[in-house]
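Here is a brief report on the fold and contacts of a model. Please look at the structure first.

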Amino acid sequence: MTFPFPASDLLVILPELVLTQLALGILLWATVVRKGREATLAWVSIASLAAAAVLIPVAARLSGPLPRAAFGGMLTLDRFSIFFKVLVLLATAVTILFSLKFVGTSSYPGGEYYALLLFSAVGMLFMASGTHLVSIYIALELMALSQYVLAGYFKRETKSVEAAAKYFVLGAFSSGVLLYGISLVYGAAGSLDLGDVARSLAATPRSSLLGVGIVLTASGMLFKIASAPFHVWAPDVYEGAPTPISAFFSVGPKLAAYAIFARIFFVGFGPRAGDWAPVLAASAALTMVVGNVGALLQQNVKRMLGYSSIGHAGYALLGLLAYASGTDARGENFGLWAILIYLAAYLLMTLGAFGLVVLLEAKGYATESVDDFNGLSKKNPLAAAAMLVFLLSLAGIPPTAGFVGKYFLFSAAMKAGWPSLALLAVLMSAVSLFYYFRIARAMYLVEGEGELRWREEPAVAAAVAVCVAGTLLLGILPQPFVALAKSCLLP
Amino acid sequence: MTPALPGAAAGAGVAAMTVPPAAFLLVGTLLFFIGVAGALLKRNALSMFLSIELMMNAVNLLFLTYARMRGDAAGQMVVFFVIAVAAAEAAVGLAIFVALFRARMTIDVDKANLLKW
């Protein structure tokens with residue numbers, strides 16, 4: 001049997017291949033597992049993710065020196081992609097820990113749930129290493145299609161189904177727009193390989209066809225990271241989806257979408273950075289304002305965290321802008337490593353905060369409100385302290401990861417010549433203090449009326465503890481992480 | 001601008017008329033924006049979904065035309081993937097709409113208003 005590619009290319013996607021096989025196995029196994037015995041499936045899923053994580057360095061070593069392109073330039077394994085792959089696997093594993101009891105005690109089968117989470121993770125792994133617009137598009141759809149189902153997984157809960165329907169219609173529409181953008185880029189550049197696109201763009205004069213193509217591609221990306229004006233789905237979906245899935249949505253897809261956003265725009269559309277930077281700047285400003293002002297008005301905690309994640313997507317856009325403006329005197333792309341640090345911090349603090357919402361047992365499906373946190377410090381001081389750490393970090397107060405991430409991002413924006421945007425970001429961080437501290441106030445200053453509803457769940461508690469440790473570690477000792485992020489940049 | 005499409009003039013004896021690629025591009029673009037208008041204006045989830053399918057097929061036509069104009073196979077390859085993805089999307093989307101109908105007895109998107117602001 002002959003392949004149109006060297007067989008060693010398969011080593012490059014070894015983690016993805018193994019994870020796909022294991023996910024299919026879990027899907028089969030789920031057909032014979034009875035309700036109530038599904039915890040085994042969850043642990044096997046976590047083991048599969050761990051296996052994929054272990055295989056990443058193996059694949060990197062066996063397949064040759066990095067960066068290693070495979071399948072005719074469809075995929076590239078480099079340190080940038082490995083950084084995102086590790087974060088994606090971590091986010092998925094934490095989501096499964098959150099889901100153990102949430103799904104286990106519900107009336108819905110768990111097997112397909114875990115399999116879908118793994119398929120979504122496979123899509124994100126491929127997104128991280130995609131270097132061809134087609135492979136990126138297919139990976140994006142693999143991730144998104146799994147997620148549409150996951151959002152509506154609690155199919156007899158009206159809110160869950162409604163969230164899935166909205167997510168699906170808007171997601172399919174945005175991927176249609178993205179595809180149209182890609183077709184225009186193909187028409188103008190004559191290739192879909194990001195490296196070829198860049199060479200072609202550098203050689204050809206500016207054209208309106210290409211400009212429209214780039215803007216439409218950007219709008220597809222902005223939808224996936226939930227940036228204004230394409231953010232409307234995010235609060236609805238976060239509120240309606242099962243809480244562990246909301247946690248997953250606010251982290252996993254955003255990380256993967258930032259990976260392809262950075263790769264498409266820096267590697268592919270890099271020669272036109274001066275043209276698309278103003279578009280991203282407008283979106284960043286709008287996103288920061290909409291996210292933070294929107295969050296002020298929310299009572300539902302999941303919805304508030306949804307708006308807050310929109311705000312955070314706006315901050316991270318500053319890093320993309322800073323990258324677009326070039327390198328500093330030492331030749332470092334300060335914008336990109338600031339994004340990497342920020343996304344790692346964002347993953348830890350957002351997953352942690354959602355973990356505490358998972359522990360909070362609401363009176364009905366998707367009704368968790370700020371008042372439900374009333375008096376938590378008396379009932380469970382450790383949980384309250386953990387939530388406080390996450391809130392401080394989300395608001396960007398030292399000594400937490402959120403502060404470090406924001407500091408690097410905002411200073412990158414300053415260095416890159418966007419001082420007004422950096423100023424707006426600082427102002428919006430101040431606004432965010434109001435809504436984050438409403439939760440802190442409820443936990444510490446308000447007496448709880450009646451019985452606080454709280455689940456005791458060691459798996460979630462362990463995951464939250466890891467997030468607290470990470471948030472504080474990244475906040476107190478950022479240097480090793482900065483060095484790591486600097487070694488994971490795009491060429 | 002318009003290289004003669006290979007094979008277009010092959011019909012010996014028949015006055016072969018070459019359709020310029022620009023015409024295909026025009027049709028594709030028109031179809032795409034009809035799809036966009038449908039997706040934005042229709043209130044029935046199924047009609048919205050069909051409009052989105054129209055958008056994807058319009059893009060397929062564009063990819064094919066650009067591939068032909070440039071003599072590059074990559075554009076033709078994309079079409080197969082887009083068709084496959086559209087089929088998967090139909091399976092997932094229709095399942096979600098059935099679940100929505102069971103929960104609300106309607107698939108009018110204006111009536112799906114539990115989650116707001």
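Predicted model: local features only at pLDDT ≥ 70, side-chain atom pairs only at ≥ 80, totals over all residues.

Residues are numbered from 1 along each chain as its sequence is written, while chains are lettered from A and ligands numbered from 1 in the order in which they are written.

**Overall fold**

Chain A holds 20 helices and two strands. These are DSSP runs numbered from the N terminus (helices: H or I, at least four residues; strands: E, at least two). Along the principal axes, the C-alpha atoms of chain A fill a box of roughly 70 × 55 × 40 Å.

Of the 491 residues of chain A, 63% count as buried (20 or more other C-beta atoms within 10 Å of the residue's own, with C-beta atoms placed from the backbone). Contacts here mean C-beta atoms, placed from the backbone, within 7 Å. Among contacts in chain A with a separation of 6 or more, 80% join residues 24 or more positions apart.

**Two helix pairs**

Axes are lines fitted to C-alpha atoms, for helices over the stretch in contact, and angles run from 0 to 180 degrees between N-to-C directions.

| Helix pair | Axes come within | Crossing angle |
|---|---|---|
| H16(A) (residues 381–395) and H18(A) (residues 419–444) | 9 Å | roughly 175 degrees |
| H8(A) (residues 194–203) and H11(A) (residues 243–268) | 8 Å | roughly 40 degrees |

H16(A) and H18(A) are therefore roughly antiparallel. Angles over 145 degrees count as roughly antiparallel, under 35 as roughly parallel, 65 to 115 as roughly perpendicular and the rest as oblique. Residues of H16(A), including A:Leu388 and A:Leu391, meet residues of H18(A), including A:Leu433 and A:Tyr436. By class, this contact of H16(A) with H18(A) has 12 nonpolar, two polar and no charged residues. Ala, Val, Leu, Ile, Met, Phe, Trp, Tyr, Cys and Pro count as nonpolar, Asp, Glu, Lys and Arg as charged, and the others, Gly among them, as polar.

A:Leu194, A:Gly195, A:Val197 and A:Ala198 of H8(A) make the contact with A:Arg263, A:Ile264, A:Val267 and A:Gly268 of H11(A).

**Chain contact**

Chain A and chain B give 33 residues each to the contact. H7(A) supplies the largest share of chain A's side, 18 residues. By class, that side has 17 nonpolar, eight polar and eight charged residues.

Technical notes: Buried ≥ 20, exposed ≤ 12 C-beta atoms within 10 Å, placed from the backbone. Contact = placed C-beta atoms within 7 Å.
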